[in-house]
Each structure stands twice: as structure tokens, then as C-alpha cells.
Amino acid sequence: MNNLDVMEKIVSLCKRRGFIFQSSEIYGGLANTWDYGPYGVELKRNVKEAWWKAVVHHRDDMVGLDASILMHPRTWKASGHADNFADLLVDDKKTKKRYRYDHLTDEQKSRVGKDFTEPRAFNLMLQTSLGAAEGSNIDVFLRPETAQGIFVNFKNVLDAMNRRLPFGIAQMGKSFRNEITAGNFTFRMREFEQMEIEYFTRPDDAEKCYTTWIEERFNWYIKLGVRKDHLRLRKHGPDELAHYAKGCTDVEYAFPFGWSELEGIANRTDYDLKQHAEFSGMDLRYQDQIINEKFYPYVIEPSGGVDRTVLAFLVDAYHEEEVEGRTRVVLRLHKHLAPVKVAVLPLLKKNAGIVELAKKIKKDLQQQFVTVYDDTAAIGKLYRRQDEVGTYYCVTVDVESLTDQQVTVRERDTMAQERIPVDGLKDYLREKFTP
Ligand code: GAP
């Protein structure tokens with residue numbers, strides 16, 4: 001399979017099996033916006049849950065936040081986004097197509113001013129207006145990053161939670177950018193979800209925290225099953241750094257369309273807190289009780305995209321293999337990411353006893369595991385359907401189950417089958433899914 005085939009196959013599987021649909025498809029679609037279907041939404045929830053557990057619940061130095069998408073317009077003046085969050089764009093004079101200047105080849109760049117217009121800045125923030133009464137509306141922006149919701153709440157969290165440095169605040173949620181050239185499926189969208197951490201530290205410790213977070217975040221993808229040779233770290237050159245960053249390292253994934261950013265870990269210094277202090281008039285310094293000193297903490301920011309991560313997990317999990325002369329498509333998603341944990345399948349859908357037992361098992365299991373029941377095809381086809389969406393275990397109920405009260409449990413990756421007593425099934429599965 002060449003790389004572009006893989007991408008095409010994944011896009012097709014996502015639509016066919018209910019992972020990802022084009023938004024507003026019945027109206028012809030809206031470019032670069034996507035909807036998550038029944039399996040997609042489970043996968044996405046699992047990715048976010050895995051992230052939240054790793055960066056909040058399993059640590060002593062982190063708390064969570066869920067700030068609003070709409071923020072006071074001065075936020076964006078303070079953060080620099082109102083003035084600096086722009087891409088340079090050029091128009092192809094003949095086709096009228098728009099391109100990001102930094103995406104042009106050297107040859108294309110040499111034709112700027114001739115075949116392409118001179119580059120001009122294009123602010124990426126999406127704007128809307130708030131208020132019902134005529135004339136009293138205020139223009140606001142849909143946040144282009146979740147990070148600012150954390151900075152403006154720094155003092156609230158500090159006062160409410162009594163935290164000492166170093167500590168971090170994690171948040172996930174929607175962000176919006178009027179990307180000039182979107183594309184590559186869900187890789188670059190105009191509405192997307194971010195998972196961001198702002199980790200506050202003493203300035204002297206910032207470099208150490210930066211290095212530690214790079215390592216932590218790189219390993220998180222590996223722990224969730226991404227092949228190590230499909231990941232790499234890339235340090236930004238000085239010309240690539242965002243207006244607030246002193247240093248930045250990206251975790252990149254080998255997507256079928258080339259190595260691309262999954263997540264950036266940046267040293268934002270004390271830029272944001274200082275800016276918000278200046279624009280709001282509030283004192284956002286940290287009071288160190290031990291040395292009795294007030295200062296602005298430095299901030300290390302691991303910032304990832306939920307949609308890109310979901311896409312990388314899908315690409316990495318997609319496998320085609322020959323089994324008994326037929327191609328088996330299997331999504332080898334990590335067991336904690338698999339959208340469905342268990343499928344309960346009756347061997348004979350016309351046997352009332354088998355169906356009744358299978359439905360009873362399904363009802364029992366679904367209290368703890370995402371479980372589906374399917375009797376709409378022969379067993380071979382049912383297995384293939386479950387493999388294709390990454391279901392971790394298939395539980396088959398057959399004629400013998402009615403007498404010996406045992407079922408066959410088939411594991412997705414090895415296809416190994418085991419007979420397990422019905423009344424021990426829940427414990428068996430619980431043990432398998434324990435981290
Ligand atoms: N607060 C820092 C920040 O927003 P960024 O590198 O612009 O940094 C962070 O974005 C992450 O958000 C990216 O690594 C990517 O995963 C995701 N992201 C950014 N723009 C995106 C887009 N248009 N579509 C999908 N994901 C995007």
C-alpha cells in the first residue's frame with residue numbers, strides 16, 4: 001500500500017463505519033469541518049479521557065479548568081493575537097486560489113509579485129458579535145487557542161486551590177481558526193479541539209520543566225500504542241517561533257502526507273501573565289511565601305490537538321492482513337482507546353435461547369464496558385465488522401453455551417479464542433482492561 005492509498009482507505013473507513021462524516025454533507029458540506037459519528041465520538045472521548053488521566057488525575061501538580069470559548073475582547077489585545085496572529089497569504093492571480101506564503105515552494109516564491117500577489121497578513125481569528133439590542137453589540141472572537149482561558153484564570157485558581165509552584169492547569173476544548181489552506185482530512189480544520197497545559201514554574205526551573213514535559217508528552221503517545229518510529233521530536237528554528245515563545249519543540253507523527261505536528265511544547269516565558277497584568281491592571285504575580293518575594297512565573301505549554309491525535313491513532317492502528325486467503329482489515333487501537341470494548345454475537349440468530357442469553361450478557365456487560373450486540377450477519381462477517389472498528393473482544397454465544405453456560409471470547413489482535421464461564425465473564429474482562 002502506498003501512503004496516499006492508506007489515507008484514502010482511512011477516510012473511506014471513517015465514513016463507511018461511522019467514525020467521521022463531512023459536516024452538513026446533505027447541503028454539499030462545509031469545507032474543512034467534520035463531524036464525529038457514533039464510533040468516532042467514542043474514540044475521541046477515550047483519547048481525551050486518556051489525556052486527562054495522564055496529565056491531571058495521575059499527577060500531584062495539576063488541576064483542570066473549563067473556560068468559555070468567548071472571552072473579553074481585550075484578552076486578544078493582551079495576548080498579541082489581535083495584532084500578530086496572522087499568516088502571510090498570496091493569491092494566484094490566474095486561478096484566484098489563496099496560499100499560505102510559507103507553504104510555497106522556492107520556485108513559487110520566485111514568482112511572487114508576478115504570478116502571485118505580494119504577501120499580505122491575514123488574521124486567523126473568527127469574529128462574531130454579542131448582544132441583542134441594535135447598536136449595543138460588541139464584537140468578540142471565537143478563541144483561537146484555549147490557553148488564554150487559563151492565563152486569565154491564573155489568579156482565580158491560585159486563590160481557590162492554594163497551589164505552590166511548580167503547578168499546572170490543564171484544559172481541553174474547541175478552538176477556531178480561519179485557516180487559509182485547510183485540508184488533509186481532520187489534520188487542519190477551522191473548528192477543532194485542543195488539549196492544553198500551562199505549567200507555571202520559577203523562571204530558574206523553566207528549562208528543566210520544558211525538557212521533562214517534552215519527554216512526558218512524547219512517551220504518552222507511545223504508551224497508547226503509537227509506533228515509536230512513527231514519532232519524532234523537532235525543535236523550532238528562531239524564524240518559526242510564535243510571538244510569545246522562547247523555545248518550542250514539536251512532537252511530529254509520520255502521517256501518510258508526511259511528518260507533521262501533533263503537539264507543540266513551548267516555553268512561553270512570563271509573556272502572557274505580564275501582558276494580562278498590564279492590560280487588566282491586576283497583579284498577576286506569584287507570592288512566594290518562603291523567600292517572601294513576588295514574581296511572574298514562567299510557563300511551559302504542552303499544547304496538542306485532539307483531532308490530529310485521533311487521526312494519528314487511526315492511521316497507526318490501520319492494518320490489512322491476509323487471513324485464510326482473505327484480507328482482514330483491523331484497527332489495532334490500544335484497548336483503552338478502542339471505541340467498543342466488547343461485541344456480543346449470537347452464533348444463530350434464529351435460536352431464541354441463544355439470542356436471549358446473548359442479549360442478557362450484553363445488558364450485564366454494558367454497565368461497565370462499551371458493549372454492542374449484533375446479529376445481522378453470519379459469524380465470520382460479524383467478526384470482520386468488529387475488527388474493522390477496533391472492537392477489542394468478541395463474545396460468541398453458541399448452542400453449547402445453553403448447556404455449559406460458557407461463551408467463546410475472541411481477542412481482536414491475535415484472534416485467539418477462549419471458553420469462559422458466563423458468570424466469570426465480567427471479572428475476566430475487568431482484569432483485561434485494568435491498566
Ligand atoms: N496555545 C498554543 C497553540 O495553540 P499551536 O501550535 O498553534 O499552539 C497547538 O496549536 C495544537 O493545536 C497543534 O499542535 C495542533 O495539534 C492543534 N491545531 C492547531 N491548529 C489546528 C487546526 N487548524 N486543525 C486541527 N488542529 C489544530
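Predicted model: local features only at pLDDT ≥ 70, side-chain atom pairs only at ≥ 80, totals over all residues.
The structure holds zero disulfides. Cysteine 14 takes part in none, and the cysteine sulfur nearest to its own, that of cysteine 394, lies 20 Å away. Cysteine 14 is buried, its relative accessible area being 0%. For cysteine 248, the closest cysteine sulfur belongs to cysteine 209, at 16 Å. A disulfide requires two cysteine sulfur atoms within 2.5 Å, so the sulfur of cysteine 248 is too far from that of cysteine 209 for a bond. Cysteine 248 is also buried, with a relative accessible area of 11%.

Strands of a sheet pair through backbone hydrogen bonds, in either a parallel or an antiparallel manner. In this model, five strands make up an open sheet with mixed pairing, arranged in the order E20-E19-E21-E22-E23. Its edges are formed by strand E20 (371–373) and strand E23 (417–421), each of which pairs on one side only. Direction ignored, neighbouring strands of the sheet are turned against each other by 25° on average.

At one edge of the sheet, strand E23 is joined to strand E22 (residues 406–411) by five bridges, and the two strands run antiparallel. Across this pair, arginine 410 stands opposite glutamine 417 of E23. Helix H11 (residues 352–365) packs on the sheet. The helix touches four strands, namely E19 (342–346), E20, E21 (393–397) and E22. The direction of H11 makes an angle of about 170° with that of E19.

Technical notes
Residues numbered from 1 in each chain as written. Heavy atoms only, no water. Buried < 20%, exposed > 50% of the residue type's maximum accessible area, 1.4 Å probe, protein only. Pairing = 2+ DSSP bridges. Axes fitted to C-alpha atoms, helices over the stretch in contact; angles between N-to-C directions. Contact = heavy atoms within 4.5 Å.
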